[in-house]
Amino acid sequence: MTQSVVVQVGQCGNQVGCRFWDLALREHAHVNKKGLYDEALSSFFRNVDSRKSDGGACGIGGRIQHLKARAVLVDMEEGVVNEILQGPLREVFDSTQLLTDVSGSGNNWAVGHMTYGSAYREQIVDKLRKAVEHCDCLQCFFLIHSMGGGTGSGLGTRVLSLLEEEFPEVCRIVTSIYPSAEDDVITSPYNSVLAMRELTEHADCVLPIENQSLVDIVDKIKRMSHSGKPGLVIKRDSTIISGQGGLSGAEKPFDAMNNIVANLLLNITSSARFEGSLNMDLNEIAMNLVPFPRLHYLVPSLTPLYTLADVSVPTRRLDQMFSDAFSKDHQLIRADPKHSLYLACALMVRGNAQVSDLRRNIERLKPSLPFVSWNQEGWKTGLCSVPPVGHSHSLLALANNTCVKPTFMELRDRFTKLYRKKAHLHHYLQVEGMEQSFFSEATNSLSSLIEEYHHLDATKGRLMPDAPRLSIAR
Amino acid sequence: MSIVTVQLGQCGNQVGHELFDLLCSDAQQGQRKLYSTASCERFFHQTAHGELVARAVLVDMEPKVINQSISRAVKGGRWRYGESSHFSQKQGSGNNWANGYCVHGPRHRDVVEELVRREVERCDRLAGLMAMMSVAGGTGSGVGTYVTQCLRDIYPKSFILNHLTWPYGTGEVIVQNYNSVLTLAHLYQLSDAILVHENDTVHRICSQLLNIKHISFSDVNRVIAHQLGSIMQPALTADSHGVYSRNPLGELVSALTCHPEYKLLSVCTIPQMSSSSIAYSAFSWPGLLKHLRQMLISNTKMEEGIDWQVRPPAGSERTRSLTGPSFNTSLANLLILRGKDVYSAETGGFEDPALYTSWLPSEEAFNLWKSPVPFNKYEKSATLVSNSQALLRPLDNMVGKAWNMFASRAYIHQYIKFGISEEDFLDSFTSLEQVISSYSQLC
């Protein structure tokens with residue numbers, strides 16, 4: 001069995017990461033009834049015996065002694081990490097996995113990327129290497145960060161390129177939280193565009209998530225659960241925003257939103273952790289969904305968002321779950337994949353579903369979904385037999401779809417508005433190592449990415465002739 | 001004589017498990033000592049304690065499926081896999097043929113070869129090797145191709161049969177057509193015969209003939225195992241003089257693949273029905289064979305929706321094209337009949353020269369195996385292994401889709417990363433276009 005290491009950078013990255021570890025523990029506690037350290041647990045956790053002086057690791061099959069997260073926590077201020085260390089999750093981390101500073105990056109990409117990136121380079125690599133040494137077959141790094149601030153976007157993308165340099169063989173999947181248009185960080189367009197270039201060049205896959213989409217989903221679920229219609233009672237701990245049954249007691253403001261992202265990461269790794277009749281390993285994600293190296297932005301959607309408590313009501317059936325995965329209000333970015341062009345799509349099903357359910361739904365949905373001419377059958381599927389906590393089944397769809405284009409264009413517009421006036425530019429240029437050319441290169445990179453999506457979009461709806469086949473002399 | 005099976009990748013290991021399970025349960029039904037002994041010698045060896053151990057080597061690049069197959073066999077209690085006849089790694093090939101063929105294969109060559117060698121040395125006489133795999137993923141296709149190549153090097157004179165599972169047309173692996181093209185093009189140079197099951201066809205059999213509501217992969221795999229088993233179990237051949245034939249692989253190859261350009265074998269079996277209906281059904285050989293013959297010439301892979309209009313062409317109209325009437329020309333056919341009154345079955349309909357190419361006489365092109373022992377709960381059962389145009393269309397589709405993708409160079413960077421170049425792709429495309437061209441000119 002393979003392992004993955006989670007690298008969480010910045011305030012947002014650490015908050016999301018914190019929810020992930022809580023829910024991951026909840027999920028394994030739910031599945032693992034015997035209290036033994038099994039292969040599934042080993043993918044994200046180490047089992048150490050703290051009584052031994054060297055903190056010796058215990059092998060697969062023994063009793064669970066003391067679980068340690070395969071994680072590296074980086075933040076340039078202390079607040080969030082300290083909170084984690086005082087909370088119920090403190091046990092799963094130890095000081096060797098943490099790296100903090102006190103002064104923060106001041107919402108400045110350059111400070112995070114250049115100043116802290118250079119100052120902490122050795123320490124970061126050292127901590128990463130330690131985490132990697134604890135794995136016997138490392139498959140994947142999951143980087144969690146936000147795009148808007150200074151540390152997550154600046155230092156986060158610096159960590160990404162360090163990962164590529166030091167561990168080129170290991171797959172890098174990045175979860176990036178994109179700021180809302182009305183972000184309170186004035187420089188967030190700069191930070192995001194500068195970070196985008198790094199993501200385009202150094203990540204294997206990026207799962208873009210918009211803050212606003214998370215807000216919308218949380219609102220929708222809250223509305224549903226307070227509507228109080230008879231028979232529409234939503235089961236406790238079945239909503240995707242719930243942390244019910246986890247270690248943390250009282251919910252903090254962003255927990256509901258962060259739980260969605262945490263669930264995304266749990267589902268994406270489920271098939272690599274648990275058994276299933278059609279395994280989908282993490283290295284298959286990029287292989288199947290990334291036809292061209294730069295176009296590796298995969299739009300996630302999660303269903304179901306909740307299940308109803310009353311079993312006598314015809315609950316949302318399996319097929320509804322598949323339909324929802326393609327609807328606008330289940331996407332984790334504000335986009336409409338149905339009306340854009342699919343390059344490829346993965347369906348990762350958990351729980352009680354068979355290959356015939358997959359086939360039936362693909363056949364049913366295919367006509368309404370435009371696929372690029374050379375990938376009309378661009379479906380990748382996985383079946384994992386262990387459902388998420390509180391559900392009988394669930395579906396994660398990952399779409400490589402041109403619907404990300406509007407989000408990127410909007411970002412570029414907001415960037416241009418600031419950049420035209422050279423607003424706040426001096427804060428960046430005074431940072432050592434930062435040059436103005438970084439800005440133009442970053443916009444160029446983003447523009448050419450948008451252009452690539454645009455070219456593909458242009459083929460949509462046109463009947464593309466088949467490529468003339470090789471002819472054989474007879 | 002014995003067959004050593006190599007199960008590769010998730011699909012190969014799942015289908016392989018179902019096959020051994022079926023072979024064992026079929027051989028142990030009722031009182032037919034000769035049949036049972038012959039079958040066991042082929043596929044199992046016996047330990048000092050009388051346990052049956054499959055003559056199989058299990059190879060995968062990740063451990064989950066192999067562990068499952070091994071423990072399911074142990075749970076079943078009738079047979080098991082050898083204690084140390086499996087090899088797995090921790091990290092799969094990621095659906096990438098190049099990763100399997102260029103990286104994993106060479107890296108683990110010695111271990112796998114040693115496992116096969118040990119199995120081969122356990123056989124008194126080796127009939128040949130059978131490699132089971134899918135063509136869609138990375139391990140079965142990539143490592144499978146590499147391992148087949150190694151086996152060909154070590155056992156240049158042995159028969160090698162590849163059993164391939166072709167993916168659903170949609171929705172398993174997006175790069176499946178690339179992986180399939182690379183696999184088939186390479187295997188065509190290495191293998192003596194390539195026996196193909198298409199998931200789509202088998203899935204239809206499960207839903208329409210077996211009436212299974214929620215079809216799982218084990219259902220699909222059981223159908224494949226049933227068809228494969230009916231080919232592989234002991235039978236009497238024309239020149240075996242009343243004893244079970246000794247070399248099933250050799251006889252299969254010599255009956256069906258007489259020309260190196262034509263190696264693709266398809267299978268159909270009748271009857272196939274849910275076990276609850278078997279008890280209420282009665283079959284006659286003339287009825288079964290009439291259906292089977294029409295399935296052959298109209299290229300229908302299951303006993304439903306047969307087009308009865310299709311007839312063999314008269315001598316004068318022997319010029320057809322791919323798009324022409326749907327008559328399916330055969331190069332060679334092997335008919336295997338098992339069950340009650342098998343000696344009374346009249347198989348003349350399959351000897352009609354109009355079914356075959358003009359350059360091979362029908363007495364060469366048609367072979368018949370029989371066994372009076374009913375197979376796997378069916379009182380009568382007929383299986384046809386056919387080297388015909390039956391796989392032409394799916395092959396042409398597969399190559400066409402891969403070529404379209406290749407034209408925009410999508411996903412190629414993933415293969416280049418592991419050392420497969422655009423020229424390698426072109427070579428594979430060329431050799432498969434040659435195969436397509438040969439089969440479409442078969443008449």
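Hi everyone, let's start with two strands of chain A: S6 (residues 138-146) and S7 (residues 171-178) run parallel and are joined by seven bridges. Strands here are DSSP runs of E with at least two residues, helices are runs of H or I with at least four, and both are numbered from the N terminus. Two strands count as paired if DSSP finds at least two bridges between them. Within this pair, A:Ile144 stands opposite A:Thr175 of S7(A).

A quick word on the source: this is a predicted model, where local features need pLDDT of at least 70 and side-chain atom pairs count only at pLDDT 80 or more, while totals for chains, interfaces and linings use all residues. Residues are numbered from 1 along each chain as its sequence is written, chains are lettered from A and ligands numbered from 1 in the order in which they are written, and side-chain values use heavy atoms, leaving out hydrogens and water.

Now, the whole sheet. In chain A, six strands form an open sheet with parallel pairing, in the order S5-S4-S1-S6-S7-S8. Strand S5 (98-100) and strand S8 (205-210) of chain A each have a single partner strand, so one side of each has no neighbour in the sheet.

What lies across S6, S7 and S8 of chain A? That's helix H7 (residues 188-202) of chain A, at about 155° to S7(A). Such angles run from 0 to 180 degrees between N-to-C directions, with axes fitted to C-alpha atoms, for helices over the stretch in contact (heavy atoms within 4.5 Å).

Finally, chain B. B:Asn96 sits in the loop between strand S6 (86-88) and helix H4 (97-107) of chain B.
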